[in-house]
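Visitor: I would like to go through the side-chain contacts in this model. Could we start once it is on screen?
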Amino acid sequence: MGVLMSRRQTVERVQKVSLAVSAFKDGLREQPSTRRRAEAGTARQGTLEQEVQEGEEEASAGPSQPEESSASKAAWERLRDGRGVEPEEFDRANRFTPPAFIRPQRELHDDEPPDISLEQREQILNDEMCEICEVWTAESLFPCRICHRVYHDGCLRRMGYLQKDSAVEVTETAHTETGWSCYYCDNLNLLLTEEEMYSLMETLKNCKIIPGVCLTLDDFLHYKHQVHKQQFERTMPEAQEEQAALQFNALDPDKKGHIEWQDFLSHESIQLLQKIRPQNALLRLLTPKERERARTAFLALDQDNDGFIGEGECRQARHTWFRKHQKEMLSCNVSISHVGPISEGSPASSRNGKSPEKILPATKQEETSIDWPGFLRENVAYILAARPNSAALHLQPLA
């Protein structure tokens, strides 16, 4: 175990160090003082327990309501606050205080084109201290592949974010090219503003979608039909229904016959962002790590270094680079350029058995050329949709 160093020499930081140390000691009982700190830290707008209790008191004071009212109200409130849907039996003992998520706000300049240069590479720097306990140790910290944050595995367990097999997954992928997304970046719903989240919640309520419940293909198609009818006042075309069925299959990679609630919520969140926000606003959501990966992918496609790629190559990047990397591709010894869409030796090119140099010139002559800004605009939604750790494709690329 390395030497622990707090960020500031204050009593509060010393207490955080004590909490961090206890996170690595399995079975250690939480002290009463720590529990009081956890209770005091939830004063933002009332804890989940207080919200549930208030809902129960209102239900008992007023006339009889449907059985689902209290639980459903609590579920919608947690969704609104960015906490997702947690099981009622979730044990909060010996855990850190859950973070208070603050939804983003739109700025006046968001719709203006951002300056993202192709030539100027960005220096990627991770934090030196754990995001949760704000303590550095000589032991391994798990970096997020999307943002700059790093975490102790013990702190993630105490927060309740590592359960069952997820701890093994984080250990195996955090330091590989595939990487691991932290609980901020894994939740696409946190990209929505308060107004956008309210709009999504109203749509889900009107379509009788229950938070936390898995959706079958029939449920998913019924929901899509309802949304289309409410929006356009006509029946959804057959071609669009087929596209929705393809999206369902992409959200159910293990062929379980249903999609998980979190995957459905992420899909609907990215769909709403596409409809409401212009592409320039979406480009401002990209992190330095995502922009750097996009540069590497574009340069790998632009083999003659003229600053343009073919339209077919741009679509290929959508299908291969900006989607979930397969588990068999995990390797921390492979450079990021070798995981790109058509790099020589990449899984995509080896499966086809063709060299990229042999197919690129013909493609470029036949199709419309796309420059670097156009490449970003065409793919930004797919870059964002690839953030969650789930194997599901939250935005199915068009053929």
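Visitor: Where do Trp372 and Phe375 lie?
Guide: In this predicted model, both residues belong to helix H16 (residues 372-385). Trp372 and Phe375 are 3 residues apart, about one turn of the helix.

Visitor: And are the rings of Trp372 and Phe375 stacked or edge-to-face?
Guide: The ring centres of Trp372 and Phe375 are 6.2 Å apart and the planes are at 20°, so the pair is stacked. Planes under 30 degrees apart count as stacked.

Visitor: Is Trp372 buried or exposed?
Guide: Trp372 is buried, having a relative accessible area of 5%. Phe375 is buried as well, with a value of 0%.

Visitor: How many aromatic pairs does a search of the whole structure find?
Guide: The search finds 10 aromatic pairs. One of them joins Phe220 and Phe264: the centres are 6.3 Å apart and the planes stand at 85°, so this pair is edge-to-face.

Visitor: Which parts of the chain does that pair link?
Guide: Distant ones: Phe220 is in helix H8 (residues 217-232) and Phe264 in helix H10 (residues 261-276), 44 residues apart. Phe220 is buried at 0% relative accessible area, and Phe264 is likewise buried at 0%.

Visitor: Which residues form one aromatic cluster with them?
Guide: Phe220 and Phe264 form one cluster with Tyr223, Phe248 and Trp261.

Visitor: What sits over the ring of Tyr184?
Guide: The charged end of Arg149 does, 4.1 Å from the ring centre.

Visitor: Changing topic: how many salt bridges does the search find?
Guide: The whole structure has 14 salt bridges by that search. Among them is Arg121 with Glu292, whose closest N and O atoms are 2.5 Å apart. Arg121 lies in the loop between helix H4 (69-80) and strand S2 (135-136), while Glu292 is in helix H12 (residues 288-301), so the pair ties together parts 171 residues apart in sequence.

Visitor: Is Arg121 buried or partly exposed?
Guide: Arg121 is partly exposed, with a relative accessible area of 41%. Glu292, at 13%, counts as buried because the limit for buried is under 20%.

Visitor: What does Arg295 form with Glu292?
Guide: Arg295 forms a salt bridge with Glu292, with 3.1 Å between the closest N and O atoms. Arg295 and Glu292 are 3 residues apart in helix H12, about one helical turn, and both are buried.

Visitor: Which residues are linked in a network of salt bridges?
Guide: The network links Arg121, Glu122, Arg291, Glu292 and Arg295.

Technical notes:
Residues are numbered from 1 along each chain as its sequence is written. This is a predicted model: local features need pLDDT of at least 70, side-chain atom pairs count only at pLDDT 80 or more; totals for chains, interfaces and linings use all residues. Side-chain values use heavy atoms; hydrogens and water are left out. Rings of Phe, Tyr and Trp (its six-membered ring) pair if their centres lie within 6.5 Å; planes under 30 degrees apart count as stacked, over 60 as edge-to-face and the rest as tilted. Helices (H or I, at least four residues) and strands (E, at least two) are DSSP runs, numbered from the N terminus. Buried means under 20% relative accessible area, exposed over 50%, partly exposed in between (1.4 Å probe, protein chains only). A charge sits over a ring if NZ of Lys or CZ of Arg is within 6 Å of the ring centre and within 35 degrees of the ring normal. A salt bridge is a side-chain nitrogen of Lys or Arg within 4 Å of a carboxyl oxygen of Asp or Glu.
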